[in-house]
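Subject: Model for you to look at, with notes

Dear colleague,

I am passing on the structure we spoke of, and my notes on it follow below. Please read them with the coordinates open.

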Amino acid sequence: MHAHTDSLISELQERARQIRLDTLDMVYRRQAGHPGGSFSAAEILAALYFHHLKIDPTNPRWPERDRFILSKGHAAAALYAALARRGYFPVEDLAKWGHLDGHLQGHPDRVKTPGVEMSSGFLGHGLSVAVGMALAQRLGGPRYHIYVLMSDGCMQSGVAWEGALAAAKYRCHEVTVIMDYNDVQLDGAAHDIMPLEPLIDKWKAFGFAVLEINGHNLRQVLDALDEALEIHSMPTVILAHTTKGKGVSFMENTALWHGAVPNSEQYAQARAELLGGV
Amino acid sequence: MAEVPQRQAYGMALAEYGDVNPDVVVLDADVSSSTLTKYFADRHPSRFFNLGVTEASMVNVGVGLALSGRIPFVNTFAALLTLRACEQIRTCVAYANANVKLIGGYAGLSDYKDGPTHFAINDVALMRAMPNVVVIAPADNIEAARMVRAIAEHEGPVYMRISRAAVPDVFGPDHQVHIGKGIMLRSGNDVTIIGSGSMMGRCVRAADQLVAEGVSVRLLNIHTLKPLDVDLICQAAEETGALVTAEDHSVIGGLGGAVAEALGRCCPAVLEYVGLQDTFAGTGLDTESLMDAWGLAVQDIVNAARRAMERKARRR
């Protein structure tokens with residue numbers, strides 16, 4: 001593991017801010033979307049797409065690319081922002097999110113959007129798809145790592161735990177789950193709606209190595225991503241504690257902003273707050 | 001009559017096809033000794049994955065393999081596959097247009113001893129409604145075996161249902177299948193019997209009986225339920241004016257539904273339906289008598305053909 005430079009960290013902080021600004025614009029323009037869970041994942045997406053992933057935006061289907069699956073598909077706007085800013089498609093396309101003549105669907109669509117590895121929308125699917133991608137490597141061919149961004153909502157679905165069983169059975173060290181654990185879901189706090197705790201114990205019991213970080217601390221995010229690559233005996237989950245709506249004061253930690261759209265005053269304030277701080 | 005159950009023909013063909021296509025991988029959900037994917041597992045252990053009783057996750061694992069260039073055959077009982085993993089099939093297979101081959105063993109009433117929980121009587125209806133998904137029901141052992149290569153070579157998602165039971169031979173060893181193309185087994189002008197899957201042998205017997213009575217019977221085998229061979233069916237409707245569908249499935253949404261949809265577009269004609277009449281069946285002591293008891297007997301097809309011809313006569 002190598003230390004990450006201050007300049008890298010500040011560059012990625014700027015990328016995360018851009019992802020949030022793009023997301024805010026997209027949600028406001030389209031009058032639909034999920035700002036809360038997009039903002040909570042901004043640093044994770046920035047770290048992946050602007051430093052960690054082995055990818056080539058000019059060749060989205062490069063066989064040796066790392067795979068990223070957005071299991072929490074409602075954070076589509078943040079993913080689209082990352083992909084556009086990384087060069088998979090023009091940034092102007094973001095303005096056509098949800099438009100009939102655009103390629104950006106409400107939730108990610110692997111068929112229509114360059115760079116989207118897996119279609120998603122309903123929660124919980126990503127981990128088991130990643131297991132299949134890992135098993136494919138056992139049969140020969142290019143080597144790559146598979147990243148799955150899951151939410152606390154994802155982990156309430158049965159298929160996610162089925163996928164965890166399979167990942168453990170096959171010791172899928174090629175799979176790293178990043179859990180964007182903001183503890184807020186559509187109807188309220190996850191710990192009220194359907195508690196996941198003790199979550200670290202559960203992941204460990206399911207045969208995962210668990211790394212616990214602050215998901216907004218880019219140094220911790222990068223270090224954990226590096227560390228996961230060094231674990232060769234089992235799959236890894238990076239339990240990233242995050243804040244729903246991170247970066248906009250009135251959105252933070254509120255279930256309302258899971259899927260709400262700001263009015264013009266709120267939009268202006270959110271934009272000012274995002275531009276004001278790094 | 002066939003010597004071996006259709007599942008066995010499928011399992012053996014899959015294992016053999018594994019010899020020639022190294023991209024084929026096989027997944028099963030703890031029922032490989034029932035679906036008979038164990039033949040593949042024995043022959044190609046590194047390309048076989050038993051996922052246990054995790055049908056939903058198993059389908060997604062298949063998707064991951066497909067998106068990585070493999071050709072996964074994902075197997076379990078037809079009812080479990082299409083019901084438990086229905087949403088995964090919708091989102092991760094169909095919507096993502098992943099090259100996954102979904103194989104439903106124990107289709108229709110063929111799991112006679114386990115009863116209605118294990119019968120797949122609406123799997124075709126569910127899978128037909130999935131965009132991008134081809135739906136196949138092979139008529140006999142030859143067709144089940146031939147379909148392995150055909151669906152592997154088809155680029156895109158496929159659902160195929162296989163009977164647990166021995167089904168009568170309809171075709172000879174030289175039989176070739178072409179996805180999307182129905183087969184006219186007998187030409188005739190009074191009535192058309194359209195069969196699919198494990199009902200095909202019974203359709204042949206029903207046609208023989210009617211022919212012996214002097215009826216000119218057209219007999220079609222529809223192994224591909226989607227995309228349906230609309231031309232073949234509409235030609236039969238135009239030239240015979242009376243049709244019967246026969247399937248080991250609910251009459252709602254399966255072969256009968258598909259044919260009705262086609263006729264509504266091209267040539268409305270008299271149509272009778274042999275199949276489960278919107279009911280659960282019961283448990284039986286063997287597949288043949290169970291099918292007979294629940295309205296899938298040869299005589300039911302014959303009676304339906306007579307009704308169709310009577311209705312046609314009244315229209316004139």
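Two elements, β4 (184-185) of chain A and α6 (86-95) of chain B, each supply at least two residues of the lining of the largest pocket, and α6(B) gives the largest share of that lining, with three residues. Please bear in mind throughout that this is a predicted model. The pocket holds about 310 Å³ of space, and 22 residues line it, those nearest its centre being A:H74, A:H107, A:G121, A:F122 and A:L123. Sorted by class, its lining consists of 13 polar, five nonpolar and four charged residues.

The second largest pocket, for its part, has a volume of about 270 Å³, and its lining is made up of 16 residues, of which B:A9, B:A13, B:E16, B:A145 and B:R146 are the closest to the centre. The elements that contribute two or more residues to this lining are α1 (6-20) and α8 (141-153) of chain B. By class, ten of the lining residues are nonpolar, five are charged and one is polar.

Turning to the sheets, chain A has an open one of five strands, in the order β1-β2-β3-β7-β6 and with parallel pairing. Its edges are formed by β1 (67-70) and β6 (209-214) of chain A, each of which has a single partner strand, so one side of each is left without a neighbour in the sheet. From one strand to the next, the twist averages 20 degrees. Helix α5 (residues 126-138) of chain A lies across β1, β2 (146-151) and β3 (175-181) of chain A, and runs at about 170 degrees to β2(A).

Chain B has an open sheet of seven strands, ordered β2-β1-β3-β4-β6-β5-β10, in which the pairing is mixed. Here β2 (48-50) and β10 (224-226) of chain B stand at the edges with a single partner strand each, so one side of each has no neighbour in the sheet. Neighbouring strands are turned against each other by 20 degrees on average, direction ignored. Within this sheet, β3 (residues 71-77) and β4 (residues 101-105) of chain B run parallel and are joined by five bridges, with B:F73 opposite B:K101 of β4(B). Helix α4 (residues 55-67) of chain B packs on the sheet, where it touches β1 (24-28), β2, β3 and β4 of chain B, and its direction makes about 170 degrees with that of β3(B).

One further helix is worth a look, namely α3 (residues 42-52) of chain A, which is mostly covered, with ten of its eleven residues buried; among them are A:I44, A:L45, A:L48 and A:F50, as well as A:E43 and A:H52.

With best wishes

How values were computed
Residues are numbered from 1 along each chain as its sequence is written. Chains are lettered from A and ligands numbered from 1 in the order in which they are written. This is a predicted model: local features need pLDDT of at least 70, side-chain atom pairs count only at pLDDT 80 or more; totals for chains, interfaces and linings use all residues. Side-chain values use heavy atoms; hydrogens and water are left out. Two strands pair if DSSP finds at least two bridges between them. Helices (H or I, at least four residues) and strands (E, at least two) are DSSP runs, numbered from the N terminus. Axes are lines fitted to C-alpha atoms, for helices over the stretch in contact, and angles run from 0 to 180 degrees between N-to-C directions. Contact means heavy atoms within 4.5 Å. Buried means under 20% relative accessible area, exposed over 50%, partly exposed in between (1.4 Å probe, protein chains only). On a 1 Å grid over the protein atoms alone, a cavity is a set of points where a 1.4 Å probe fits but cannot get out, and a pocket is an open set with protein on both sides within 12 Å along at least five of seven lines; lining residues have an atom within 4 Å of a point. Grid points are joined across faces, edges and corners, and a volume is the space filled by probe spheres set on the points. Ala, Val, Leu, Ile, Met, Phe, Trp, Tyr, Cys and Pro count as nonpolar, Asp, Glu, Lys and Arg as charged, and the others, Gly among them, as polar.
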